[in-house]
Amino acid sequence: MQEMLTSLSTYGYLVVFLYSLGGGMVAIIAAGVLAHLGKMDITVSIVLAAVANAMGDTLLFYVSRYNRAAVMPYIVKHKRKLAFSQILFKKHGNKIIFFKKFIYGLKTLVPLAIGLTKYSFAKFSVINVVSAAIWAILLGLGSFYAGEAFTRAGDFVGENGWLMPAAMLALLAGIWIYLQQATKKKGKSE
């Protein structure tokens, strides 16, 4: 665990920035843990993550608004997610710009979907910047203050090599059981 954290701290700020352009949840959490260990500065990490996250979403919005032809081939593969993000946006409005930052898989599609609509670019930008700042502060400080717990958990998993494969098998079994149940329920209603 310590070797991984040392190598991350070498290029940490660059990784936080680049990774936050597209999502950044793992990067800001790792930066918070590294800041807890004294290897990074939490304030710089939060600012970089917030700026990059806001820039990434703004770029996605802008590209889908003004270059639809280039975006459409990529969106075609994700029609269901795109439709879901449109439904969420219609149902929850501006709040979805904030909440999508915490939902994996919707982070990139929501700005693309909103860019395809006639939604105000200025309004999106303001909500997006405020949301990115809140997102980075919550995750950065949360992981900073939980750094000791993250470090102990990482050390524990490192010392017990069997734990991760067992957890993965349990997760896969849980997914398989869930899908079996979901399929069974669907079959009974027909």
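Analyst: Start with handedness. A crossing is called right-handed if the near helix is turned clockwise from the far one by less than a right angle, and left-handed if the turn is anticlockwise. The model here is predicted. In it, H3 crosses H9 in the right-handed sense.

User: Which residues of H3 and H9 make the contact?

Analyst: From H3, the contact uses Met-25, Ile-28, Ile-29, Gly-32, Val-33, Ala-35 and His-36. H9 contributes Trp-135, Ala-136, Leu-139, Gly-140, Ser-143 and Phe-144. Sorted by class, the contact of H3 with H9 holds nine nonpolar residues, four polar ones and no charged ones.

User: At what angle do H3 and H9 pack, and how far apart are their axes?

Analyst: Helix H3 spans residues 25–36 and helix H9 spans residues 121–145. They pack at about 40°, and their axes are 7 Å apart. Angles under 35 degrees count as roughly parallel, and 65 to 115 as roughly perpendicular. H3 is therefore oblique to H9.

User: Take one residue of that contact. Is Ser-143 buried or exposed?

Analyst: The cut-off for buried is under 20% relative accessible area. Ser-143 has 3% relative accessibility, so it counts as buried. This residue lies in helix H9.

User: What does Ser-143 touch, leaving out residues up to four places away in sequence?

Analyst: Ser-143 touches Ile-28, Ile-29, Gly-32, Val-33 and Phe-150. There is also a polar pair to look at: a polar atom of the Ser-143 side chain lies 3.3 Å from the backbone oxygen of Ile-29.

User: And Ala-27, which helix is it in, and what does it touch?

Analyst: Ala-27 lies in helix H3. With a relative accessible area of 8%, Ala-27 is buried. Not counting residues up to four places away in sequence, Ala-27 touches Val-15, Val-16 and Tyr-19.

User: How far apart are Ala-27 and Leu-139, in sequence and in space?

Analyst: Read the two separations side by side. Ala-27 and Leu-139 are 112 residues apart in sequence, and 9.8 Å apart in space from C-alpha to C-alpha.

User: How many helices and strands does the protein chain have, and what percentage of its residues count as buried?

Analyst: The protein chain has eleven helices and zero strands. Of its 190 residues, 35% count as buried. For the range of contacts, take those between residues at least 6 apart in sequence: 80% of them join residues at least 24 apart.

Conventions. Residues are numbered from 1 along each chain as its sequence is written. This is a predicted model: local features need pLDDT of at least 70, side-chain atom pairs count only at pLDDT 80 or more; totals for chains, interfaces and linings use all residues. Side-chain values use heavy atoms; hydrogens and water are left out. Axes are lines fitted to C-alpha atoms, for helices over the stretch in contact, and angles run from 0 to 180 degrees between N-to-C directions. Helices (H or I, at least four residues) and strands (E, at least two) are DSSP runs, numbered from the N terminus. Angles under 35 degrees count as roughly parallel, over 145 as roughly antiparallel, 65 to 115 as roughly perpendicular and the rest as oblique. Contact means heavy atoms within 4.5 Å. Ala, Val, Leu, Ile, Met, Phe, Trp, Tyr, Cys and Pro count as nonpolar, Asp, Glu, Lys and Arg as charged, and the others, Gly among them, as polar. Buried means under 20% relative accessible area, exposed over 50%, partly exposed in between (1.4 Å probe, protein chains only). A polar contact is a pair of N or O atoms within 3.5 Å; within protein, one must be able to donate a hydrogen and the other to accept it, and residues adjacent in sequence count only if both atoms are side-chain atoms.
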